[in-house]
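Subject: Structure handover

Hello,

Here is the structure I promised you. Please open it alongside this email, and my notes follow below.

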Amino acid sequence: RAVAFEKGDVQVLRGGDVDNVDVRRLKALPNVEMTTKGWEMYGPLAFMTMNLRKPPFNNLKVRQAVMHAVNRKFVVDNIFFGMGRIATGPVASTTKFYEKNVPQYPFDLKKARALIQESGVNVGASTVKLLSFPYGAAWDRLAEYTKQSLEQIGFKVEIEATDAGGWAKRTGDFDFDLTFNYTYQYGDPALGVARHYLSNNAIKGSPFVNNEGYANTKVDELFANAAAAQKPELRQRLYSQAQEILVGEVALGYLFELEFATLYRKNVKNLVKTGIGLNETFDDVSVEK
């Protein structure tokens, strides 16, 4: 795809068409433009999915230790080549009802080791199986980095390679210890966020539901009431409460908000104009001769 763009066989590369390692080089080509706009409605957010049904991740302090052990700035800057921003919680900062005042997990190995000790869990007693996320080299590097990070605080970790179908099947069947995922938010927490946490949505068969096995009746209630509320101020208050609880309990291990690059020749006009980017109609997109 990168070669086709360089040769001029295609005029546009969508977000995700090439690995991030190629973006920096391609955007420096003559007569090439790049934008990360056009993803605001989707708000893609990457996270670690820890299986909360069994040790060691059924222990809150262990999950908090994991968050402190992963240097998310390093991940964004070096593994994803700066294409993203650190996530603070389950709602992306580009979408409605985002709440920034939630518990923080700065990179701190000393704090991580202390939390492991406080947990009383011997995290090295068994091997954590890290199911790879088979969507490009950056995700492979993230798995390797996460393995190294967790081993620094006492875990034993083994990466299990798989293809896209295998990942979807095993994640959907809850057959994992730890894996990665990123999902779209679709502009409203009722559409793209709540599905990951509602206790009645831990249903086998899809990798995009409550795969971690999180259950909290208070959070269920907050999501239900926020979805039904009509006043934006009330919805914000309810969603803010839900975000504070979810981050505090590390329902998922929030990593970063993804940025996707759209690369295009300068003679392509009116390409990205709304929050759904290249999924728009193209009714006024043109290529200048």
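Start with Tyr-135, in the loop between β5 and α6. Keep in mind throughout that this is a predicted model. Tyr-135 is partly exposed, because its relative accessible area is 43%. Leaving aside neighbours within four places in sequence, Tyr-135 is in contact with Ala-164 and Trp-167.

Trp-167 leads on to helix α7, which covers residues 164-172. Which residues of this helix are buried? They are Gly-166, Trp-167, Thr-171 and Gly-172. These buried residues pack against β5 (127-131) and β7. Just after α7 comes Phe-174, with a positive phi of about 65°.

Now the sheet. Six strands make up an open sheet with mixed pairing. Their order is β4-β8-β3-β7-β5-β6. Which strands stand at the edges? They are β4 (84-86) and β6 (156-160). Each has a single partner strand, so one side of each is left without a neighbour in the sheet. On average, neighbouring strands here are turned by 30° against each other, direction ignored.

Two of the pairings are worth a look:

- β3 (residues 45-50) and β7 (residues 178-183) pair in the antiparallel sense, over six bridges. Ala-46 stands opposite Tyr-182 of β7.
- β5 and β6 run parallel and are joined by five bridges. Thr-127 has Lys-156 in β6 as its bridge partner.

As background, strands of a sheet pair through backbone hydrogen bonds, either parallel or antiparallel.

Helix α3 (residues 60-69) lies across β3 and β8 (253-258). Its direction runs at about 140° to β3. Helix α4 (residues 72-79) packs on the sheet too, touching β4 and β8. The direction of α4 makes about 170° with that of β4.

Helix α3 has a helix partner as well. It packs with helix α5 (residues 109-119) at an angle of about 170°, and the axes are 8 Å apart. The two helices are therefore roughly antiparallel. The crossing of α3 past α5 is left-handed. On the α3 side, the contact is made by Lys-61, Val-62, Gln-64, Ala-65, His-68 and Ala-69. On the α5 side, the residues include Leu-109, Ala-112, Leu-115 and Ile-116.

Gln-64 sits in helix α3. Is Gln-64 buried or exposed? It counts as buried, because its relative accessibility is 16% and the cut-off for buried is under 20%. Not counting residues up to four places away in sequence, Gln-64 touches Tyr-105, Leu-115, Gly-248 and Val-250. Leu-115 is also among the α5 residues in the helix contact. Gly-84 is 20 residues from Gln-64 along the chain, and their C-alpha atoms are separated by 22 Å.

Best wishes

Definitions and conventions. Residues are numbered from 1 along each chain as its sequence is written. This is a predicted model: local features need pLDDT of at least 70, side-chain atom pairs count only at pLDDT 80 or more; totals for chains, interfaces and linings use all residues. Side-chain values use heavy atoms; hydrogens and water are left out. Two strands pair if DSSP finds at least two bridges between them. Helices (H or I, at least four residues) and strands (E, at least two) are DSSP runs, numbered from the N terminus. Axes are lines fitted to C-alpha atoms, for helices over the stretch in contact, and angles run from 0 to 180 degrees between N-to-C directions. Contact means heavy atoms within 4.5 Å. Buried means under 20% relative accessible area, exposed over 50%, partly exposed in between (1.4 Å probe, protein chains only). Angles under 35 degrees count as roughly parallel, over 145 as roughly antiparallel, 65 to 115 as roughly perpendicular and the rest as oblique. A crossing is left-handed if the near helix is turned anticlockwise from the far one by less than a right angle, and right-handed if clockwise.
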